[in-house]
Every structure is written in C-alpha cells, then in structure tokens.
Amino acid sequence: MAVAAVTGDHRRGKTALFLAACGCAGAAPHWLDPARSLLPAITLAVVLGGYGLRTVLRGRGAESVDPGSATTPLDTGSWPAVDVVVGARDEEAVIARLVERLAALRYPADRLSFWVVDDGSQDRTGAILDGLQQQHPQLRVLHRPRGAGGGKSGALNAVLKQLRGDWLLVLDADAQLQEDVLERLLPYALGGGWSAVQLRKAVVNAGQSLLTRVQAMEMALDALIQQGRLLGGGVMELRGNGQLLSRRSLEACGGFNEDTVTDDLDLSFRLLTEGSRIGLLWDPPVQEEAVESVSALWKQRQRWAEGGLQRFFDYWPQLLSSRLSPSQRRDLACFFLLQYALPVVSFADALTSAATRTVPAYWPLSIVAFSVSGLAYWRGCRRPSEGPELPRPEPLSLLLAIAYLGHWFVVIPWVSARMALFPKRLVWAKTSHRGEATVEA
C-alpha cells in the first residue's frame with residue numbers, strides 16, 4: 001500500500017495569494033463612495049448569513065433525517081473486525097486509563113484488537129505500555145524511534161500495514177469511551193453506508209475553568225454545524241479523535257498524509273474527492289480533555305488553522321471539479337469564506353480603517369457571523385446528549401462563548417502570514433494531557 005502522495009506544492013505562494021486577495025477585499029470598500037461602502041459586506045452578510053442560518057437550523061429532527069441514525073442491531077456472527085489505533089507520545093499521565101477503557105469495551109473479543117504506537121516517547125509511556133501488554137492479550141504495542149518522521153500521520157501509517165480489521169477506530173491518548181460505543185457505532189456505519197464516521201467530541205473538564213467551559217460549548221457548536229452541513233448535502237469533516245474509518249476506503253486514498261499538520265482534515269478531503277461518505281454520530285460521544293491555558297490554546301489553534309488552510313490550498317482543483325456535487329462545492333465555498341477569509345478580510349479592514357480614519361466596512365458581516373454562532377451554541381448545548389453534561393447556554397455564557405470565538409480573528413491572519421513568509425517544518429505538535437478529568441463511562 002502506498003502512502004498518500006505529497007500534495008503540498010507551492011503552499012507559500014498560494015497563501016501569499018490568499019492574503020493579497022483578502023487584503024484587497026478588506027481595503028477596497030474604504031475607497032468607494034461612502035454611500036456604497038457597506039454594499040460588499042451587506043451582500044455577503046445576506047448570502048453567508050443565510051447559509052449559516054440554514055445550516056444551524058437543519059439540526060431539528062436530525063435523527064429522523066440522517067440515513068444512518070436508525071439501524072438494526074447486527075447479528076452475533078456479523079460483527080466486523082475492528083482495530084482501535086492510538087498514536088501516543090509522552091502520554092504517561094493518560095495511557096493506562098485509555099487501555100483500561102479499551103479493555104472494558106463490549107465487543108466480540110475475537111474481532112477486536114488495540115494498537116498503540118509509542119512514537120518516541122521520552123517519558124514512561126513505552127514502559128507502561130509494555131507492562132499493560134502482559135495484562136491485556138488484545139493490546140499490541142509498536143515502538144517508533146524519536147524522529148522517525150511523518151508526525152502523527154507517520155505513526156498511524158507505521159501500524160496501518162499490520163492491521164487486519166475491516167474498520168479502524170482512531171483515538172487520541174486522552175480519549176474516554178462508553179462501554180457500548182462500538183455496539184452502536186458499527187451498526188450506524190454499516191446501516192448508513194458510511195466510509196467513515198466521526199463521534200461527537202465532548203469535553204470532560206468543562207467545569208474546571210471558564211476557558212474549558214467555552215471549549216465544551218464550542219465542541220457542541222461544531223458538531224451541530226457539521227450535522228447541518230451534512231443534512232444540507234454539504235461536507236462533513238473528521239475531527240481526529242473518535243473517527244471510525246473503513247480500512248478499504250483509507251487504503252484506496254493512500255493512507256494518512258505525512259505532509260500535513262492535521263491528518264484528520266486532510267483525510268476528510270481525500271475521502272471526499274474519492275466519493276467516500278463521512279457521517280456523524282451524536283451519541284455516544286468520545287470524551288477528551290480541553291486545553292487548560294491560553295498558551296496551550298494558542299498553540300493548538302495555530303495548528304488547526306494551518307492544517308485547515310493547507311487542505312484547501314492542496315486540493316482546490318479537485319474541490320472545484322465535477323467529483324463534488326454542486327451542493328458540496330457551494331457548502332465548501334461558504335464555509336471557507338466564513339471560517340478563513342472573513343478573519344483575514346476583517347483584519348485588513350481594521351488596518352485600513354485605522355490608516356484612513358474611516359469607519360470599518362465589514363461590521364455587518366461580522367455581526368451576522370457571530371449572531372449565527374450564538375444560535376448554534378444555544379441549539380447545540382440544549383440538545384439532549386450523553387456523556388459529560390453540556391454547559392447551559394445562559395445569556396452570560398452565550399456572550400462569553402461568542403466573544404471567545406474572536407480568537408480566530410487573530411489566529412487565522414497570524415497563521416496565514418506565517419505560512420506565506422516561512423517554510424514549514426513538519427513536527428508532531430501534540431497537546432499535553434494531565435489525565436485528572438474522568439467521567440464514568
């Protein structure tokens with residue numbers, strides 16, 4: 001099996017072009033007649049706001065619309081073979097808990113294996129795994145030397161060649177799962193005809209601080225929007241932790257791409273262009289830790305922003321081709337403008353406003369975007385959900401969560417400028433886990 005082909009040619013040039021286009025779009029209204037300076041923003045607010053509103057409201061009654069939500073339980077002899085795969089680097093705080101949770105999963109033992117790749121850990125991760133392997137016959141451990149290359153994708157590709165299951169469930173080391181997750185996830189995947197399924201992500205340490213609380217709300221918002229995009233004929237994306245993949249579909253598109261900083265987002269687009277369908281399962285969720293400091297959040301979001309932009313720059317010819325349906329192309333265009341272009345355009349608008357001493361021109365679009373996000377928070381956090389209790393969307397919480405989304409208006413312009421100016425050195429920029437937050441499965 002060949003690994004995914006490198007597609008990251010000319011990323012710096014593409015990013016520079018993206019910055020220039022957004023900069024011109026942000027500055028141009030300031031040189032228009034004042035009576036018409038708001039027309040671009042109002043037009044985009046109507047178009048993109050309408051798209052966002054429809055996406056958020058589609059979640060109502062999603063269970064009756066989603067083709068994979070109502071499935072018949074599999075016969076005892078029909079369960080497919082599953083490999084649970086984890087890439088771990090310096091995870092001594094959480095790795096033992098993860099293995100114990102995996103061992104407690106309800107699934108035919110002869111059709112379930114656990115693979116943990118110790119990717120050059122410099123703490124006790126490797127020793128802990130070797131000890132656990134003696135206690136759990138289903139556990140297989142692969143040790144990779146530090147600097148083996150490819151980041152997390154390299155670690156996953158290293159074990160992919162040894163898997164024998166029909167499906168693989170990819171987890172992060174801090175993942176916590178309910179015991180019945182596979183009994184519910186596999187019938188959903190098979191009944192819906194999905195090539196991949198993403199579990200909703202839930203935050204276990206939401207009550208620790210205001211920062212972790214708004215991240216828990218953000219995960220609910222993200223899952224609601226993803227489901228709305230899917231139900232509208234748009235594009236559903238993987239989120240790394242808690243993604244179930246058909247091994248056949250994964251191998252057909254070349255495995256995990258080692259030339260990207262976000263293997264999940266990159267794989268989402270490669271599956272999409274190959275015609276493979278990705279679904280979302282709201283319950284049961286995969287539970288994980290939110291980052292606990294602003295510096296950790298900044299580091300994490302830079303990686304997410306860079307990977308998100310990379311996939312658009314790498315695959316744009318396929319995304320514009322007839323491989324995608326018109327509704328998928330429309331969904332991706334609107335999502336790209338809201339998620340990536342709007343923050344850069346708004347930054348250029350603010351700089352031009354300060355330089356010319358004029359009023360910012362894109363405030364109508366920003367207000368609409370934040371308002372739709374507030375509605376998504378409210379609907380996502382009020383939805384019945386298993387796992388950790390979602391924060392209540394009270395007025396003050398909603399205002400704080402909406403303000404929290406403003407960090408993307410700093411992260412994305414900064415990352416875009418960095419990508420345009422400096423060459424990328426691929427490293428595994430992992431998130432540290434403490435392992436103190438636990439929710440009963």
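## Helix 5 and its two sides

On helix 5, the face turned away from the buried side carries the exposed residues A127 and Q134. Exposed here means over 50% relative accessible area, buried means under 20%, and partly exposed is anything in between, with a 1.4 Å probe and protein chains only. Helices (H or I, at least four residues) and strands (E, at least two) are DSSP runs, numbered from the N terminus. One thing to keep in mind: this is a predicted model, where local features need pLDDT of at least 70 and side-chain atom pairs count only at pLDDT 80 or more, while totals for chains, interfaces and linings use all residues. Residues are numbered from 1 along each chain as its sequence is written, and side-chain values use heavy atoms, with hydrogens and water left out.

So who is tucked away in helix 5 (residues 125-135)? The buried ones are T125, G126, I128, L129 and L132. They span an arc of only 155° around the axis, which puts them on the same side of helix 5. That arc is taken from the directions between the helix axis and the C-beta atoms. The cover over these buried residues includes strand 1 (82-88), helix 4 (95-103), strand 2 (112-119) and strand 3 (139-144), where contact means heavy atoms within 4.5 Å.

Now look at helix 14 (residues 395-404), whose buried residues are S397, L398, A401 and Y404. Viewed down the axis, they fall within an arc of 120°, so they line one face of helix 14. An α-helix has 3.6 residues a turn, so residues three or four places apart point the same way.

Over on the other side of helix 14, you'll find P395, L396, L399 and A403 exposed. Helix 8 (210-231), helix 11 (294-319) and helix 13 are among the parts covering the buried residues of helix 14.

## A valine in strand 1

V84 sits in strand 1 and is buried, because its relative accessible area is 0%. Leaving out residues up to four places away in sequence, V84 touches L102, L112, S113, F114, W115, L169 and L171. W167 is 83 residues away from V84 along the chain, yet their C-alpha atoms are separated by 8.5 Å.

## Rings and charges

The chain has 10 aromatic pairs. Rings of Phe, Tyr and Trp (its six-membered ring) pair if their centres lie within 6.5 Å; planes under 30 degrees apart are stacked, over 60 edge-to-face, and the rest tilted. W79 and Y107 make an edge-to-face pair, 5.2 Å centre to centre with 70° between the planes. W79 is in the loop between helix 3 (62-65) and strand 1, and Y107 is in the loop between helix 4 and strand 2, so the pair ties together parts 28 residues apart in sequence.

Some arginines sit over rings: R277 lies over the face of W194, 4.1 Å from the ring centre, and R382 lies over the face of W378 at 4.2 Å. The rule asks for NZ of Lys or CZ of Arg within 6 Å of the ring centre and within 35 degrees of the ring normal.

## The whole chain

Zooming out, the chain has 15 helices and seven strands, and 57% of its 441 residues count as buried. Among contacts with a separation of 6 or more, 85% come from residues 24 or more positions apart.
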